[in-house]
Amino acid sequence: MSGRTAPDGEPARDDPSDAPAPGPPADARAPRHEGALARVRATWRATSLHRRLVTITAVLLGTGLVVAAVTATTLLERSLLTPVDEKLATEGQAVAEDALVFLSMGGGRLVPTDYYVRVQTPGDEAPLVTHAAQEAYGMPRVADLTAAEASAVRGTPFTVPSTKAGSTWRVVAYPFQAPDGTTGSVVVGLPLKDIHATVVAMAWTLAASGVLIVAAGVLVGGWAVRRSLRPLGEIERTAAKIAAGDLSQRVPVAPESTEVGRLGVALNGMLTQIEEAFDARTASEARMRRFVADASHELRTPLAAVRGYAELYGMGALTTQEQVTDTMHRIEESATRMGSLVEDLLALARLDEGRRGKVRPVDLTVLAADAVSDLRALDPQRRVRLESLDGVTGPRVVLGDEERLRQVLANLVGNAARHTPPATPVEIAVGAGADDRTAVLEVRDHGPGIPPEHAGRVFERFYRVDASRTRDSGGSGLGMAIVAAIVESHGGHVGVHETPGGGATVRVELPVDGPPVGGSTDAGTAPGTRDGTGTHPA
């Protein structure tokens, strides 16, 4: 029921039409509110960083200017009201002291320009304001005040409206009591229209200057942000070129004292690693394809020979025992070549997997002396010598797999015997490395040597310096690859150099302390290659 009353005194009935229209349920308004926030967030996330920074700068600048403007206008208004309040207090006290004189004389001489004065007693009221002030500012709307009411607000300025639109008055009230016992109130006021006009003009000036400052801030800030973000644009364009396949692109370098500079340095380092990884992968795939093709070719030749001889035998083309014996001999030779090739491939596979043999002290001098004896037995007419690289004779002990190190020397000595003319001298030298932490083995020959353009590839698998050599005269093409793989698995290094006076020298450097702890991570890798595709020059 409402609190309204009908003219006849009966309570008024509620009118259904007066009831407020039902609004949407709270649970229906909440999803719409959340949806609007979600759209705002999505729009903000989709906004570019340049626009975000400019928007944030404009909002912060505008907020600061608004706070400064409000503070300035408030302080200005207070500073302008303070002297008005002081004047009102002074004039109001004076009028209150001479209130009866004001009533008897009309107070004309007591009323300054623009002042409003009203002396009020229980039986009389004398308001006074100049005609010019009334025309400009109107009359203040001040309620009638008794002496007690005036005493309650004594000397406290307050603002009241005016009869003229757009104007207000600042007034102060005082009580008074005449000698004859007459009491009343005195109200003295001054118009605030001019003060308000000054404050409004100041506010409009601040608003206009604020708009100009914000606009200038947006323009200058946008230019500064765009210039600051230019390196990011260059990074974006570089990334697009890299995504298109050009891995040689690099981010322009900025000073590392900046965030963009540090980002560019990190990206360039990452891009270098990615490019190297792609190059290594591409080279590895190419070498693997070449290796598979060479291995297939190497196996195809003896297999074709075996198949051909077997077909001849099956067709009955071998009619004599001599033909059968010769054919079986050739089949045996082809099988032997295939077996040797497969053994070499298996040895390289084991080395590539990083399998470690029995690591124990091995005296390289003993291995070298055994290799000299083997070569003399293989070619008695060849002059073979065991030498010392540093003039010190005695044991040269390293930690390693003796069986594999013997294979290194056997391959090097066999390679020298196979690819040099008969009776060509061969020296095997043993010594200490430059830092006494390595031991050195050298196998020197005085044959035709290896051309410089081929020296870097002699450790590639199936690589031959003389492509016209057959497998019978040139071997399987894996001997030097196995040498490089074994040396690398021991943490050492192998290289080919020119022998003074002509010929080739293979130099093997091995760490005295043996292979790296945990095995070689690049077992089977030839120097200069990272996939183990070393080879010998046969």
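What follows is a walk through a predicted model, stop by stop.

**Stop one: two annotated spans**

Begin by selecting residues 53-76 and then residues 201-225, which an unreviewed UniProt entry lists under "transmembrane region". In the model, residues 53-76 are 100% helix and 0% strand, and the C-alpha atoms at the two ends of this span lie 34 Å apart. Residues 201-225 are likewise 100% helix and 0% strand, with end C-alpha atoms that lie 35 Å apart.

Now show the side chains of Leu49, Leu53, Leu232 and Leu263, which form a nonpolar patch on the surface and together have about 290 Å² of accessible area. Leu232 belongs to helix 7, residues 230-243, and is classed as partly exposed because its relative accessibility is 30%.

Next, look for the open sheet of five strands, which are arranged in the order 2-1-5-4-3 with antiparallel pairing. Strand 2 (124-129) and strand 3 (158-161) are at the edges and have a single partner strand each, so one side of each has no neighbour in the sheet. On average, neighbouring strands of this sheet are turned by 25° against each other, direction ignored.

To see one pairing in detail, select strand 1 (residues 116-121) together with strand 5 (residues 183-191), which are antiparallel and joined over five bridges. Within this pair, Arg118 stands opposite Val187 in strand 5.

**Stop three: a salt bridge within a helix**

Side chains of opposite charge can pair when their charged atoms come close. For an example, select Arg281 and Glu285, whose closest N and O atoms are 3.2 Å apart in a salt bridge. Both residues lie in helix 8 (residues 259-315), where they are four residues apart, or about one turn of the helix.

**Stop four: strand 9 and its partners**

Now select strand 9 (residues 426-432), in which six of the seven residues are buried, so that this strand is largely enclosed by the rest of the structure. Strand 7 (residues 384-388) runs parallel to strand 9, and five bridges join the two. Strand 10 (residues 438-445) runs antiparallel to strand 9, with seven bridges between them, and here you can find Gly431 opposite Val440 in strand 10. Five residues lie between the strands in the hairpin of strand 9 and strand 10, where Asp436 takes a positive phi near 60°.

**Stop five: a charged network**

Finally, return to Arg385, which stands opposite Glu427 in strand 9, and show both side chains, which meet in a salt bridge at 3.5 Å, N to O. Because Arg385 lies in strand 7 and Glu427 in strand 9, this pair ties together parts that are 42 residues apart in sequence. Glu427 is buried, with a relative accessible area of 4%, while Arg385 is partly exposed at 41% relative accessibility. The side chain of Arg385 also meets that of Glu387 in a salt bridge, at 2.6 Å from N to O, and Glu387 counts as partly exposed at 23% relative accessibility.

To finish, select Arg385, Glu387, Glu427, Glu442, Arg444, Arg507 and Glu509, which are linked in a network of salt bridges.

Definitions and conventions: Residues are numbered from 1 along each chain as its sequence is written. This is a predicted model: local features need pLDDT of at least 70, side-chain atom pairs count only at pLDDT 80 or more; totals for chains, interfaces and linings use all residues. Side-chain values use heavy atoms; hydrogens and water are left out. Buried means under 20% relative accessible area, exposed over 50%, partly exposed in between (1.4 Å probe, protein chains only). Two strands pair if DSSP finds at least two bridges between them. UniProt positions are given in the numbering used here, feature names are shortened, and annotations may be inferred rather than shown by experiment. Patches are made of residues with over 30% relative accessible area and no salt bridge: like charges are joined within 9 Å, nonpolar side chains (Val, Leu, Ile, Met, Phe, Trp, Tyr) within 5 Å. Accessible areas come from the Shrake-Rupley method with a 1.4 Å probe; for residues, only the protein chains shown count as cover. A salt bridge is a side-chain nitrogen of Lys or Arg within 4 Å of a carboxyl oxygen of Asp or Glu. Axes are lines fitted to C-alpha atoms, for helices over the stretch in contact, and angles run from 0 to 180 degrees between N-to-C directions.
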